[in-house]
Amino acid sequence: MSAGRRILIATADQALQTVLTEQLTVGHEFQVSGAGSLHAAAAILESPEIHCSAMLLVDDLPDGNACGFCEKLREKGVGIPVLLISSRADEADVIRGLDAGANDYIAKPFRLNELLARLRAQLRSYENSEDVTFELGPYAFRPAARLLVENATDRKIRLTEKEAAILKFLYRAGDAAVPREVLLDEVWGYNPTVTTHTLETHVYRLRQKIDAELLVTEPGGYRLNLAGRGSV
């Protein structure tokens with residue numbers, strides 16, 4: 001199975017980093033990038049080669065204030081979910097974190113299963129929002145609107161529901177190839193009447209609409225060629 005969405009974990013606590021990484025990567029649901037400072041976290045978020053779907057931001061970083069960092073992200077237009085993890089549980093601290101732009105505030109000690117549930121909930125909310133836009137190569141992709149907009153020309157490309165779902169799931173997989181059977185199950189669900197030929201037909205039609213180099217066929221599956229991808 002392909003690796004899932006990438007989560008940035010920013011914490012100076014190496015033991016916490018290790019535990020969170022182990023939990024997030026179980027079953028290949030998520031990939032993880034780690035940062036031990038705000039400077040390192042900013043570099044990862046600004047990298048054209050790495051796309052993070054969400055961030056776990058712990059308030060123990062040595063080079064600045066987590067709330068201030070979150071505020072700067074929002075000022076720059078970074079829209080990914082940020083879950084702020086803190087040893088401070090006072091109401092004033094929670095309000096300060098949420099006002100700074102954090103999507104959720106989690107006080108230590110916390111239960112790992114609850115953290116994962118909150119992370120998944122924030123991802124669902126973000127990815128289903130009307131205004132979320134992903135950069136897919138030369139296009140801006142608005143999955144809720146089933147729309148690709150070519151950045152250079154502003155040309156709009158309308159997608160079907162299944163075409164948008166295919167692109168969205170491949171985007172989540174990052175650079176990993178997604179097996180046909182996995183993609184078929186994710187987009188169509190369990191349906192014994194739907195075969196890989198159905199998927200191949202949709203991929204063929206999708207390729208007629210977009211840059212041919214964007215959607216790559218790999219042995220047994222597909223992946224997106226997303227050099228310089230990002231999200232806003």
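Here are a few notes on a helix pair and some aromatic contacts in this predicted model.

1. Start with helix 6 (residues 161-172) and helix 7 (residues 180-188): their axes come within 10 Å and cross at roughly 125 degrees. The two helices are therefore oblique to each other, and helix 6 passes helix 7 in a right-handed crossing.

2. Which residues meet where helix 6 and helix 7 touch? From helix 6 come Lys-162, Ala-165, Ile-166, Phe-169 and Leu-170, and they meet Val-182, Leu-183, Glu-186, Val-187 and Trp-188 of helix 7. Sorted by type, the residues of this contact are eight nonpolar and two charged, with no polar ones.

3. On to the rings: the structure holds two aromatic pairs. In the Tyr-126 and Phe-134 pair, the ring centres are 6.4 Å apart and the planes sit at 85 degrees; planes over 60 degrees apart count as edge-to-face, so that is what this pair is. Tyr-126 and Phe-134 are both buried.

4. The other pair, Phe-134 with Tyr-171, is tilted, at 4.6 Å centre to centre and 35 degrees between the planes. Worth a look on the model: this pair links distant parts of the chain, with Phe-134 in strand 6 (residues 134-136) and Tyr-171 in helix 6, 37 residues apart.

5. Buried or exposed, where does Tyr-171 fall? Its relative accessibility is 4%, so Tyr-171 counts as buried. Phe-134 also has 4% relative accessibility and therefore counts as buried.

6. Putting the rings together, Tyr-126, Phe-134 and Tyr-171 form one aromatic cluster. Phe-134 pairs with Tyr-126 edge-to-face and with Tyr-171 in a tilted arrangement.

Notes: Residues numbered from 1 in each chain as written. Predicted model: local features only at pLDDT ≥ 70, side-chain atom pairs only at ≥ 80, totals over all residues. Heavy atoms only, no water. Axes fitted to C-alpha atoms, helices over the stretch in contact; angles between N-to-C directions. Helix = DSSP H or I, 4+ residues; strand = E, 2+ residues; numbered from the N terminus. Parallel < 35°, antiparallel > 145°, perpendicular 65-115°, else oblique. Left-handed = near helix turned anticlockwise from the far one by under 90°. Contact = heavy atoms within 4.5 Å. Nonpolar A, V, L, I, M, F, W, Y, C, P; charged D, E, K, R; others polar. Phe/Tyr/Trp six-rings, centres within 6.5 Å; stacked < 30°, edge-to-face > 60°. Buried < 20%, exposed > 50% of the residue type's maximum accessible area, 1.4 Å probe, protein only.
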